[in-house]
Amino acid sequence: ALRVSSQSARTLAAPALAEEDQTTSAPFTWKLQQKYYPVGVPQSEPLPNFPEVDQSREVAGAAEVETTVLENGVKVVSVNGIGANSTVTGLVGVGARHENDANSGSSHLLSHILLKGSSKRSALRIQRDLENMGGYSSSLFNRESMMINVDGLKSFTAGVGEMVAEAIADADISGDNFGDAVLYAARDTKASSENDVESIDAMLHRTAFGGRSVGNELFISEYSRSARSVEDVQAFYKENLSGNKVVFSGVNVDHKTLVEAVAEQASAIPATSTATVEKAAYVGGEALDVKSGAEYVGIGFQGSSWTDKDFFASCVALTLLGGGESFSSGGPGKGVHSDLYTQILGRKPWALSAMAIASSFQDSGMFAVMGSALPGYANDMAKSLVERLQALGTGATDEQVARAKAMTASNYAMNLENNSIQSEEIARQSLVFGGALTNSEVLASFEKVSTADVRNFLKKVLKSNPSVVGRANRSVDLPTFEQITRML
């Protein structure tokens, strides 16, 4: 947030050295390391004119979540903490599952339109205001929701909150914003189609849910992109936007300040919507594709929803299976104790990758394993993946589950050190559960998971119809629905 030029930084560190630095060829950094220069301002002293940091509260992760519900159902949730930076999030519970043939791809386009303009501010004005507040923005979208994040200095909470609320309640879905969104969406779709893992993931969701509801395409297709109009997207947003689907959240912000900042714009959001949402019905099936190169296979089953009693057991099972690739660009050591890594990647020379994935939604879910192998080994990979699910369903040990629980809790806690992730977390929990769980409650839920819980969850998913997808050089090299069913 604080931008200091390299020359200014030198002046702050050693005010009297600028002239000498210009007369010698030795690098400035080397001289500091060799103590060639006496540093004038130690790191223990604050920089001049830098906003004062409030150190009076506990760490944000341990602070209490405050919630306010506006008259139209819009929720405002926040947690205060220490530090100069804060995050404000706008979450809208509208995504690909709310689309139909007449408006498919609208949520993808909207993710590139929100925070790009309103009736009060142009895209240029928004960018200028963000820079003046020391902020930067990001956006995400998935099958159930869209979200925008703005990170910036805590002292500008009121301005950031007003901007985020304006972006949700008064989005400018017209003109250049729509045209730019179409171009950005085309880029996203192309990148996703060229990523084999993302392609298998999309095939799994489409097959698992019969291409409906949460099985709708996440990225806009070429056909929908050419057929979709400004009016289609405007109508889709208007029909689906309602107060009970909107949450504004903040981390390291004053709750009263955030509520006052968003209230005026948020009050314009209607309390209810005219749209109906199709229930996510898991069905299973088969989808096979022919493509040269490495062979990929994915096997999905009915998983848990956000509110299922075995949700936390599914999280531990996901960590227990783990997985990864035969080579990690981030260096060795990550995930090497997970089951899929030790039992497949560490033992099968033809295996290129093996991993477990899970998707939870408000009314259903999918739990799956996928892997890639050298040409001719797709069936071997499928057999190995099923065998590992079955083995853990009957023989997961207390030691394995204890390690998986510790890793799951550790990953959750570590992610919450990031303001943006914590803001998203309390927003999603508020949307699904009506209120955010405390971090202690979440960690305690992981700790309560037993070895029997993990085993029973895996046995349960294996009883559902499999969703079998694959991509190989020849279709005959891929496992079929019937073959996987016989293995089970």
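Student: At what relative accessibility does Lys-460 count as partly exposed?
Tutor: Keep in mind that this is a predicted model: local features need pLDDT of at least 70, side-chain atom pairs count only at pLDDT 80 or more, and totals for chains, interfaces and linings use all residues. Residues are numbered from 1 along each chain as its sequence is written, and side-chain values use heavy atoms, with hydrogens and water left out. Buried means under 20% relative accessible area, exposed means over 50%, and partly exposed is in between (1.4 Å probe, protein chains only). Lys-460 falls in the partly exposed class, with a relative accessibility of 46%.

Student: Which residue does Lys-460 form a salt bridge with?
Tutor: A salt bridge here is a side-chain nitrogen of Lys or Arg within 4 Å of a carboxyl oxygen of Asp or Glu. The closest N and O atoms of the pair are 3.1 Å apart. The partner of Lys-460 is Asp-310.

Student: How many residues apart in sequence are the parts that Lys-460 and Asp-310 tie together?
Tutor: Lys-460 belongs to helix 18 (residues 451–462), while Asp-310 is in the loop between strand 8 (295–302) and helix 12 (311–321). Helices (H or I, at least four residues) and strands (E, at least two) are DSSP runs, numbered from the N terminus. Because of those two places, the pair ties together parts whose separation in sequence, in residues, is 150.

Student: In the pair of Arg-228 and Asp-232, what is the relative accessible area of Arg-228?
Tutor: Asp-232 is partly exposed, at 24%. Arg-228 is buried, with a relative accessible area of 8%.

Student: Within what arc do the buried residues of helix 10 fall?
Tutor: Helix 10 covers residues 230–240, and its buried residues are Val-230, Val-233, Phe-236, Tyr-237 and Asn-240. Seen down the axis, they line one face of the helix, because they fall within an arc (taken from the directions from the helix axis to the C-beta atoms) of 135 degrees.

Student: What is the phi of Asn-252?
Tutor: Most residues other than glycine have a negative phi. Asn-252 is buried at 0% relative accessible area and sits in the loop between strand 6 and helix 11. Although Asn-252 is not a glycine, its phi is positive, at about 65 degrees.

Student: And what phi does Leu-115 have?
Tutor: Leu-115 is in the loop between helix 4 (106–111) and helix 5 (123–132). Leu-115 is buried, with a relative accessible area of 7%. This non-glycine residue also has a positive phi, of about 70 degrees.

Student: Which residues form the negative surface patch?
Tutor: Patches are made of residues with over 30% relative accessible area and no salt bridge, with like charges joined within 9 Å and nonpolar side chains (Val, Leu, Ile, Met, Phe, Trp, Tyr) within 5 Å. Asp-254, one of the members, is partly exposed at 36%, and its loop runs between strand 6 (246–251) and helix 11 (255–266).

Terms used: Accessible areas come from the Shrake-Rupley method with a 1.4 Å probe; for residues, only the protein chains shown count as cover. Lys and Arg count as positive and Asp and Glu as negative; His and the chain ends are not counted. The place of a charge is taken as NZ of Lys, CZ of Arg, CG of Asp or CD of Glu.
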